[in-house]
Amino acid sequence: MGIAEAAKPRQSTTINAPEPVWSHPYRRSTAGSVGRVESVSVFFSLIVLLGVLTFIMTAITPAEAVEAKSENIKAATAESWRKTPPTLPVPRPFKLPAFTTYKLANGLTVQLVEDHRVPFITVNLGIKAGSSRERDEVRGLAAITADMITEGTAKRSSKQIAEEVDFIGGGLKGGADLDFTLIVGSSLSGYAERLLDVVSDVVLNPSFPEDELKLKKTNLIQELVMKRSQPDFLQDERFMNVLFGQHPYGVIAPSPENVEKITRKDLQDFHKTYFVPNESVLVVVGDFQPDKMKALIEKDLGANWQSGQLAQLKYPAVPQYHGRRIYLVDRPGSVQSSIKLGNVAISKSDSDYFPLLVGNQVLGGAAHSRLFLNIREQKGYTYGAYSSFAARKEPGPFAAEAEVRTEVTGSSLQEFLYELDRMRNLKVTDKEIQDAKRYLAGSFALGLETQAGLAQRLLEVQLYELPKDYLETYTDKLMAVSLDDVRKAARKDIDFENMAIVVVGDGKKIKKELEYFAPVELFDTAGKPVGNDGAAGKKSS
Amino acid sequence: MKTKNKKRSFLVSLILSLGVVMSANAADWKKPLIPVTEDFTLPNGLRVVLSEDHSVPVAALAIVYDVGSRNEEKGRSGFAHLFEHMMFEGSENVGKTEHFSYVESAGGSLNASTHNDFTNYYEKLPSNQIELALWLESDRMRSLKVTEENFKNQLETVKEEKRSRIDNQPYTPAALRFEELLFDNWSNAHPVIGSFEDLEASSVEDVRKFFKTYYAPDNAVMAIVGDFDAKQMHGLVEKYFASIPKQSRPPLPSVDEPLQTKPKYEKVEDHHAQLPAFWFGWKGPGRREPDSYAMGILEKILSSGDSSRLYQRMVKGDQVALRADAGLDERRGPSAFEGFVIYKPGHSAEQVRDIVWEEIDKVKKEPVSEKEIEKAKNQILRGLFAAGSSSSLQRCLGRAEMLAEYTLFFGDPKLVDADLDAYLKVTAEDVKRVANKYFTREGITVVDVQPVPAKAEAEAEAPVLQHK
């Protein structure tokens, strides 16, 4: 691993995602899924492909419960103190780095954190408008708009932007998720002035050139076609669709037809309407001098940026279901079944957030959690079984999932149901809750090690409009969760009787087995319903 | 402000004295890039590097063993990786897979990876918990448990891993085949994952032998970076590791490569790929060889960022590709410079390859501008200072891994500074010379990936790759 190839991550399992872990419409949702392997790129990357050449042991291995008769390679010496793990000193009190918050005259909220460990600077701009603001006919517009801002401005071509960003040792990308648009920039700190200049140029004056848009659309359509060969895409598409119906959270990617229809005018309108400073937050973390940075921000994102009013967003209601349903996406020849079951759970500001965070950790947050220990370690059905929830502006999904061998599809589903039911009926143990809290507190602290990790947390508080002391009290709130809180949250947020179960797999081999669990609706890999056997639960909305 | 100015002027003089020409705008940084607080070797040969950093309450331990797939014997391909799995199967005082539960329950993360020329293990923890990592790593170094059941179990797991992460993925089987073809020496060429036949032919006895030969304290370097007291940590390292007996250090394998005199080519069918693609590449200079720095700069010029030449020409300009990347897979001994292009329907592989060659010929004939060289150097700095890269200095794990690797491979943890200087000294002339030396018509290896429709059911379960 030389310096020259430093940009190539070679570990595929990280808790600190290198760039902000932001839930993107084309990404798998990442909230609450610490410690999992995430596929975060819109398109698979060379990095991933090359990464396979050096082989990574990403996780432990399915194992039998049998405690094998063991034979030590070396005769153990008589160091009996080794028998138990070291007793550890109390954690050092965690202190959030000092930050300054202020507002510009145009309403832009600014947060600054000095970090002089490395000569580098990270700039995140969050805008409180995401794909939920799109009209149905132009699905994908928020993401394409965000992606296209770096493809040309009034004074720079796409290539000139790329040249400038690369020259300053930087990075600059726009993206949008369901609720927000996010622009992430960085550079060597000696070029802070040039970074702010190019960030403000793409945010304020994107020109969305016709030829660039045409290329973007062509390539995006190609990528969408490729995505359809991936079971996890098919699974998320169906899962979010059945959970959210007409609600904007119900669409994870636009159709090629949608993309075709999007015009330059759509991008210009979306930009003009939603890229307003009074609904945006700027977080700058890095090696800078505060007075100088404030002056730069005022010059580049203050004077020239006009505020505007956003209409109140009205979300359609999510469908209500009675009874469990199975949605089977038939993928003939599939050697595995991808199982995902869940329901609409909570929003980011819900008082259940911390109890559910802890409960989810006990259930399926990592390799020490129940689902993993049962379905992988004990049964050996899968390479990994997890649960997660994505708390968003509006209530997002709770889900448990695994990819299992085709032959054990039904047996795996049975184990999932057992574990979910157990969470609702019985208290978790003291050890489980302690382990879960320590894990979450540790991950939280570890995540703040990098500029990008810290910027992401600060932005989260601002965009979701969480209490001002949210980060300072995060660990306290975590530690205060009781066994009763966990069970209460599980009973409320895991809708056991009315779950949606999505399975992507070989229909011919698994449909009959699944019908013993609940009525099955069949879909093809194009996402279209096939035939009409098995009635779904009554829709009341 | 004052101290900052002082620091800058100090750095400027330091840099001038080293003969490094830097733009006035470029970032300044503290040297050494990774301060070493202690660097010592236990009587059993285990070398340990400690770096204190109290800026965040986090610590990371990285231990790198001098063994990889290149150390495998013919007929035992894949064994180094299979062995890495065995390292999670328990030791005298740690149960099977308990490494994960111990570390995760303490709020940390851990993993391991097997490479051609080394194998690494790491734990990253809240700093008060770092002793746990010493306990876990020392227990498996001194008393790994090997049972027939665990061994068979891991064998199956690795096979499952190969099926799901290689055979079932688009373009990946071709990537492995490409690397096999690119190198002539079996030690360099054979895939880390190995072959099913070889894995099945191995035994528990092989595991024991491998452990004794390679997993000895004198065949490893351990680095610990983060928020701890180095003196205290030194004591803990002695407590946990000093009683582990040393072995004789195994000989290094020969990794010599003959000069390639004829281009190599193969076509691979792929049932998962939707679009045609090809891998292309050349043998390259080994890590820290004199040419490796210019090659690193060349890699940035060709493929780092949206302004890089391959992206601008193939994805943006000619619009023939969805993806066009290249990278240097650096190793001790010969490296591989590897490129990958996914191209759009309506073009032939030959047409697209001609465009790649035009770009390659351009760096061979025309000197790169000063500005482009400086841009590439700034990308090198970005690799060190940005959060996202695995060698990011922002993360204590990145620092620990770099320290351990430099120390194990080259005997000196401070070489990260020397390497950065070497990159910053590369000239346009160096880049042109290196491009001509390595990117030859006769030295290239190409693997075309031909998508073929998935076969129904039974056949689809058979291996998807026909390259033999």
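This is a predicted model: local features need pLDDT of at least 70, side-chain atom pairs count only at pLDDT 80 or more; totals for chains, interfaces and linings use all residues.
Let's start in chain B, with strand β6, which covers residues 220–226. Is this strand enclosed or out in the open? All 7 of its 7 residues are buried, so β6(B) is largely enclosed by the rest of the structure. To be called buried here, a residue needs 20 or more other C-beta atoms within 10 Å of its own.

Which strands pair with β6(B)? One is β2 of chain B (residues 47–52), which runs parallel to β6(B) and is linked to it by 6 bridges. To find this pairing on your screen, look for B:Ser51, which sits opposite B:Val225 of β6(B). Another is β3 of chain B (residues 58–65), which is antiparallel to β6(B) and joined to it by 7 bridges. Here, B:Val64 has B:Val221 of β6(B) as its bridge partner.

Now zoom out a bit. Chain B splits into domain 1 (38–241) and domain 2 (264–461), and their C-alpha centres are 27 Å apart. Where they meet, 37 residues of domain 1 of chain B contact 29 residues of domain 2 of chain B. On the domain 1 side, our strands turn up again: β2, β3 and β6 of chain B each give at least two residues, as do β5 (119–126) and α6 (172–182) of chain B. The largest share, 8 residues, comes from α6(B). Sorted by type, this side of domain 1 of chain B has 22 nonpolar, 7 polar and 8 charged residues.

Finally, hop over to chain A. There you'll find an open sheet of 7 strands with mixed pairing, in the order β10-β11-β9-β12-β8-β13-β14. At its edges are β10 (382–389) and β14 (529–530) of chain A, each pairing on one side only. Further in, β9 (residues 336–344) and β11 (residues 397–405) of chain A are antiparallel and share 9 bridges. One pair to look for is A:Ile339 with its bridge partner A:Ala402 in β11(A). Lying across β10 and β11 of chain A is helix α10 (residues 353–365) of chain A, which runs at about 170° to β10(A).

Note on methods:
Residues are numbered from 1 along each chain as its sequence is written. Chains are lettered from A and ligands numbered from 1 in the order in which they are written. A residue is buried if 20 or more other C-beta atoms lie within 10 Å of its own, exposed if 12 or fewer, and partly exposed in between; C-beta atoms are placed from the backbone. Helices (H or I, at least four residues) and strands (E, at least two) are DSSP runs, numbered from the N terminus. Two strands pair if DSSP finds at least two bridges between them. Domain bounds come from an automatic or database domain assignment. Two residues are in contact if their C-beta atoms, placed from the backbone, lie within 7 Å. Ala, Val, Leu, Ile, Met, Phe, Trp, Tyr, Cys and Pro count as nonpolar, Asp, Glu, Lys and Arg as charged, and the others, Gly among them, as polar. Axes are lines fitted to C-alpha atoms, for helices over the stretch in contact, and angles run from 0 to 180 degrees between N-to-C directions.
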